[in-house]
Amino acid sequence: MTEEFIPFNKACFEGKELVYIAKSIENGHISGDGPFTKQCHAILEKETGAHKALLTTSCTHALEMTAILLDIQPGDEVIVPSFTFVSTINAFVLRGAKPIFADIRPDTLNLDETQLESLITPRTRAIVPVHYAGVGCEMDTIMQVANKHNIAVVEDNAHGLFGLYRGRPLGSIGCMATQSFHETKNITCGEGGAVLINDPVLCDRAEIIREKGTNRSRFFRGMVDKYTWVDIGSSYLMSDILAAFLYAQLEGKDHIQEHRSRIWDTYSDGLSSWAVSNGVRLPIVPEHCQQAYHMFYILMPNLERRQALIAHLKKNNILSVFHYLPLHLSDMGLKFGGQAGLCPVTEKVSDTLIRLPFYNELRHEDQLRVIDVIREFRV
Ligand SMILES: *Cc1c(COP(=O)(O)O)cnc(C)c1O
């Protein structure tokens, strides 16, 4: 008898989503910046300490907003880890920037801050670190190098909401940060995101860019008597219906994070001795980082054994997945000068990493089955 299928990810509900969506329809305000959007902003500002949080249609769009806010111009250079999602850099390339690919640290798989100095040129305008798996990058060093050269830091915090670096919330350290509420993230509304503005100087213009380049937000606050076109911009507001869904999730954040921490610990405890005896590496979380429990990955010794373990899990009706392909070796990355060997740690990790099923409603007995099936596997 084949056992029930265990997916890699599943859309999960906290409970009040439909109630709040109904409320938003009753409110008669289903476009952007309605009552639920404001409540989400308040939670995000309180939890991250951001000067201003603004919900957006996605993390990708939040990143695009940061590129516009920084006035990125054609030929400007932006440093990103090669091991990340395309949007981390595409948002800047849309403004004409040239990506500069940094390798990652072998322990946390975060941008290798020791390489930064060697990648900086007079054209460097921004560094976009990604807190991979919700574990903080070495932000002290990154900020020190960035400040020395007068370069902006935008944290792509899609994985890191509610994580801490030396006691400071991830997303609160760079001049801006971006969040994702895509279905695969800890807190979701299907598709959605937010930009966190930590430098107050950027706030007014952020509102304008998000409102199609108009000063509509100031108009609604009664600060101007008509609204008009004042800058470039686009339509980056999330519908209040989605914000209603998101509010139900944000309200349940302690429950969600607590459950996810238990899932993470169960994998870690259940797989540690198997990992040691099979030469497999489990995630490393430095002492000074409080992680956000976004994912559980394992690092196999090589590509062939990685594919074999994915196949073994699949045979047992469990879906596990690999993650990012190195950006510097993608079709676009090659056009920007990427070549094999440029980021060796990224290339190795991309070949050997597996992400295990991880979602808010993952049942304990299902998770124990995943662990058992993995422990049967000889590397
Ligand atoms: C998910 C993700 C994004 C994109 O998020 P969307 O909300 O889907 O646009 C960007 N960066 C990282 C690191 C991500 O994991």
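Q: Which residues of α1 meet α9?
A: E17, Y20, I21 and S24 in α1 meet D240, I241, A244, F245, Y247, A248, Q249 and E251 in α9. Contact means heavy atoms within 4.5 Å, and helices are DSSP runs (H or I, at least four residues) numbered from the N terminus.
Q: What is that contact made of by class?
A: The contact of α1 with α9 has seven nonpolar, two polar and three charged residues. Ala, Val, Leu, Ile, Met, Phe, Trp, Tyr, Cys and Pro count as nonpolar, Asp, Glu, Lys and Arg as charged, and the others, Gly among them, as polar.
Q: What kind of model and numbering is this?
A: This is a predicted model, where local features need pLDDT of at least 70, side-chain atom pairs count only at pLDDT 80 or more, and totals for chains, interfaces and linings use all residues. Residues are numbered from 1 along each chain as its sequence is written, and side-chain values use heavy atoms, with hydrogens and water left out.
Q: At what angle do α1 and α9 cross?
A: Roughly 145 degrees, with the axes of α1 (residues 17-27) and α9 (residues 240-251) coming within 8 Å. Axes are lines fitted to C-alpha atoms over the stretch in contact, and angles run from 0 to 180 degrees between N-to-C directions.
Q: And α2 against α9, what angle there?
A: The axes of α2 (residues 35-48) and α9 cross at roughly 35 degrees and come within 8 Å. By class, the contact of α2 with α9 has 10 nonpolar, two polar and two charged residues.

Definitions and conventions
Helix = DSSP H or I, 4+ residues; strand = E, 2+ residues; numbered from the N terminus.
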